[in-house]
Amino acid sequence: MAGMSPSERRLQKELMSLIKEPPPGVSVDTNIAEQNLLHWVIHMEGAAGTLYEGERFQLQFKFSNKYPFDSPEVTFIGNNIPVHPHVYSNGHICLSILTDDWSPALSVQSVCLSIVSMLSSCKEKQRPPDNTFYVKTCNKNPKKTKWWYHDDSV
Amino acid sequence: MASSANEDVKGSTGDEGHNSETKDEEKKDDSIFECNICLDTARDAVVSLCGHLFCWPCLHQWLETRPNRQVCPVCKAAISKEKVVPLYGRGSTKQEDPREKVPPRPAGQRTEPEPGTSFPGFGFGDNSFHMSFGIGAFPFGFFTSTFNFGDPRPAAAAHGTHQHMEEQFLSKIFLWLAILFLTWLLMA
């Protein structure tokens with residue numbers, strides 16, 4: 001681990017613990033993460049007993065070299081983007097801990113758990129009301145979006 | 001750091017019975033004293049009044065990241081340089097306050113404070129307006145959608161779906177806006 005930057009050292013530690021003790025339904029694609037520590041792909045299963053039971057999703061994490069002081073860029077990728085009031089059809093997620101409420105004590109694991117729980121508390125599968133407009137006009141990087149966090153129920 | 005990674009591996013294989021047990025115990029003890037930011041054993045340790053442990057260099061960097069909203073990374077309690085307590089173990093040679101060790105960063109490297117989050121989007125002047133509604137500042141929306149090089153446009157929605165109707169409606173509105181704008185340009 002010598003010669004690594006502080007962000008790489010922390011990511012290496014997180015990767016080890018995620019491989020060793022993954023939360024239920026969450027697994028990290030080790031091939032991709034080991035090639036480039038700043039780019040991870042996480043496989044995620046919808047929790048049992050929720051609207052997303054049996055579905056599989058892919059999450060992409062992109063880290064800057066300021067991680068963990070700077071939040072990771074987290075989007076859903078692949079052909080199954082969950083239909084959820086806070087997930088846009090291009091994979092962008094409206095979740096406060098990914099921007100304003102980020103803290104360096106959070107981790108990939110805690111972000112994954114937050115997203116699983118966000119999906120699990122969903123009552124009705126639908127896209128955000130402004131999905132069409134947002135997807136057409138937004139920046140590629142969801143962190144450039146000024147999000148409004150107004151709905152804490154889902 | 002290579003040594004600690006090796007220890008992890010040894011601990012998990014657990015082929016040496018008692019030996020690996022003590023290793024695990026040691027590891028548990030260590031993790032109590034891990035910095036909440038870098039996840040290494042805290043060096044130049046400081047503890048917040050809310051009881052959370054950090055390396056001073058790590059916490060200092062976090063406090064500098066958001067100078068106008070200094071909160072504990074773990075519990076979001078308000079903290080500041082004055083409200084953290086340096087820890088001195090018996091083994092530490094110099095009884096020097098770690099908070100004095102990190103010099104304030106040069107002004108040029110300071111990050112700008114984040115814009116206030118109390119009423120996002122209510123001022124026309126701040127550029128959050130166009131991100132939320134997309135109609136606040138015409139040229140910027142145009143730039144973001146037009147100059148996303150290498151970013152494939154999302155495929156059109158299938159016929160008959162709700163999304164397709166919405167898209168048709170939107171494109172009609174934009175067409176009329178463009179015509180109105182052009183006529184206004186010609187008239188002026």
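Leaving aside its neighbours within four places in sequence, with which residues is Asn131(A) in contact? In this predicted model, Asn131(A) is in contact with Tyr88(A), Ser89(A) and Gln163(B), where contact means heavy atoms within 4.5 Å. Asn131(A) belongs to helix H4 of chain A, residues 131–137, and it is buried at a relative accessible area of 4%. Buried here means under 20% relative accessible area, exposed means over 50%, and partly exposed lies in between, with a 1.4 Å probe and protein chains only.

Before going on, let me set out the conventions. Residues are numbered from 1 along each chain as its sequence is written, while chains are lettered from A and ligands numbered from 1 in the order in which they are written. Because this is a predicted model, local features need pLDDT of at least 70 and side-chain atom pairs count only at pLDDT 80 or more, whereas totals for chains, interfaces and linings use all residues, and side-chain values use heavy atoms, with hydrogens and water left out.

Let me take chain A as a whole. Chain A has four helices and four strands, which from the N terminus run α-β-α-β-β-β-α-α; helices (H or I, at least four residues) and strands (E, at least two) are DSSP runs, numbered from the N terminus. Of the 154 residues in chain A, 51% are buried, and among its contacts with a separation of 6 or more, 59% are between residues 24 or more positions apart. Chain A exposes about 7000 Å², with carbon and sulfur atoms supplying 50% of that area; accessible areas come from the Shrake-Rupley method with a 1.4 Å probe, and for residues only the protein chains shown count as cover.

Now to helix H3 of chain A. The buried residues in H3(A) are Val108(A), Val111(A), Cys112(A), Ile115(A), Val116(A), Met118(A) and Leu119(A). They cover an arc of only 160° around the axis, so they sit on the same side of H3(A), the arc being that of the directions from the helix axis to the C-beta atoms. What covers them includes helix H1 (6–20) and strands E1 (26–28), E2 (39–45), E3 (56–62) and E4 (73–77) of chain A.

That brings me to the cores, and a nonpolar core is a set of buried Ala, Val, Leu, Ile, Met, Phe, Trp, Tyr and Cys residues joined through side-chain atoms within 4.5 Å. The largest one has 34 residues, and those with the most contacts inside it are Trp40(A), Ile42(A) and Phe61(A). Two or more residues come from each of H1, E1, E2, E3, E4 and H3 of chain A, and H3(A) gives the largest share, seven residues. Apart from its neighbours within four places in sequence, Phe61(A) has contacts that include Trp40(A), Ile42(A), Val108(A), Val111(A) and Cys112(A). There is also a second, separate core of 18 residues, which includes Phe69(A) together with Val46(B), Trp56(B) and Cys58(B).

Some backbone details deserve a look. Most residues other than glycine have a negative phi, and most peptide bonds are trans. A cis peptide bond, with omega about 5°, joins Tyr67(A) and Pro68(A), and Pro68(A) is in the loop between E3 and E4 of chain A. In chain B, Leu39(B) is not a glycine and yet has a positive phi of about 65°; Leu39(B) lies in the loop between helix H2 (18–32) and strand E1 (45–48), and counts as partly exposed at 23% relative accessibility. Asp44(B), with a positive phi near 50°, is likewise in the loop between H2 and E1 of chain B and is partly exposed at 28%.

Finally, chain B overall. Chain B has six helices and three strands, in the pattern α-α-β-β-α-β-α-α-α, and 26% of its 188 residues count as buried. UniProt, in an unreviewed entry, lists residues 169–187 of chain B as "transmembrane region"; its positions are given in the numbering used here, feature names are shortened, and annotations may be inferred rather than shown by experiment. Over residues 169–187 the chain is 100% helix and 0% strand, with the end C-alpha atoms 27 Å apart.
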